[in-house]
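Hi there,

Here is the structure I promised to pass on to you. Have a look at it first, and then read my notes below.

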Amino acid sequence: TYTTGRIQEPASRQIAVVTSFLDDYIFPTVLHDAQSLFAQEGYSTLVYATENQVGTERDILQRLLEQPVGGILVEGSKTALPTPNADLYRRLQEAEIPLLFLHGAYGELTGVPCVCDDNYGGGYYLGKYLTSLGHKKIAGIFKSDDIQGTERCFGLLCALRDENILSCEEHICYFDTAQLAA
């Protein structure tokens, strides 16, 4: 990860970091590293958490349009679904506020870079690995409202297809963010 330093305006020396959850598995480390890197380049950070709610994400994006920042690092809310916030993301693009998605981007937004894992490849590798061990009855639990979960599931199902054991499909389960909180 690096910063280019291309933003020269003193008023825009803040970077907004918008994540789903602040205390979730990797985010404390990612947030700490990002803040350290930005600070080295003379930027401060504003941190927001959406709790993976599109309404909260919308409120944050509206605030960022009213008080522009030098850039936004964002983990979108429910990225497996169409976002009603595409209009605000487009307005941020029109305002030439740099956007960088983390973990997954919305399909309806074009031209926005994303730093993400190879979720499809990971799911595919897992399926191939399990079948190489001789497993024929494979189950999986995947998050359905974020693109990472659907891509991992797709990879697994493609591996099972390639091994001619799609009969496991009834053992694939899905959950969403709201079910975790319940």
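**What I found**

Please keep in mind that the model is predicted.

L133 also belongs to a nonpolar patch on the surface, which it forms with Y125 and Y129. Together, the three residues have about 360 Å² of accessible area.

Next, follow α4 to its neighbour. Helix α5 covers residues 147-162, and it packs with α4 at an angle of about 35°. The axes of these two helices are 6 Å apart, and their crossing is right-handed. Which residues of α4 meet α5? They are N119, Y120, G123, Y124, G127, K128 and T131. On the α5 side, the residues they meet include Q148, E151, R152, F154, G155 and L156, and C158, A159, L160 and D162 are also among them. Sorted by class, this contact has 7 nonpolar, 6 polar and 4 charged residues.

Now for the charged pairs. Side chains of opposite charge can pair when their charged atoms come close. The structure holds 5 salt bridges, and one of them joins the side chains of D87 and R58, at 2.8 Å from N to O. D87 is in helix α3 (residues 86-94) and R58 is in helix α2 (residues 54-66), so this pair ties together parts that lie 29 residues apart in sequence.

Finally, the overall view. How many helices and strands does the protein chain have? There are 6 helices and 7 strands. Starting at the N terminus, the order of elements is β-α-β-α-β-α-β-β-α-β-α-β-α. The C-alpha trace spans about 60 × 30 × 30 Å along its principal axes.

Enjoy exploring, and do write back with questions!

Best wishes

How values were computed
Residues numbered from 1 in each chain as written. Predicted model: local features only at pLDDT ≥ 70, side-chain atom pairs only at ≥ 80, totals over all residues. Heavy atoms only, no water. Patch = residues over 30% accessible without salt bridge, like charges linked within 9 Å, V, L, I, M, F, W, Y side chains within 5 Å. Areas by Shrake-Rupley, 256 points an atom, 1.4 Å probe, with all protein chains shown as cover. Salt bridge = Lys/Arg side-chain N within 4 Å of Asp/Glu carboxyl O. Axes fitted to C-alpha atoms, helices over the stretch in contact; angles between N-to-C directions. Helix = DSSP H or I, 4+ residues; strand = E, 2+ residues; numbered from the N terminus. Left-handed = near helix turned anticlockwise from the far one by under 90°. Contact = heavy atoms within 4.5 Å. Nonpolar A, V, L, I, M, F, W, Y, C, P; charged D, E, K, R; others polar.
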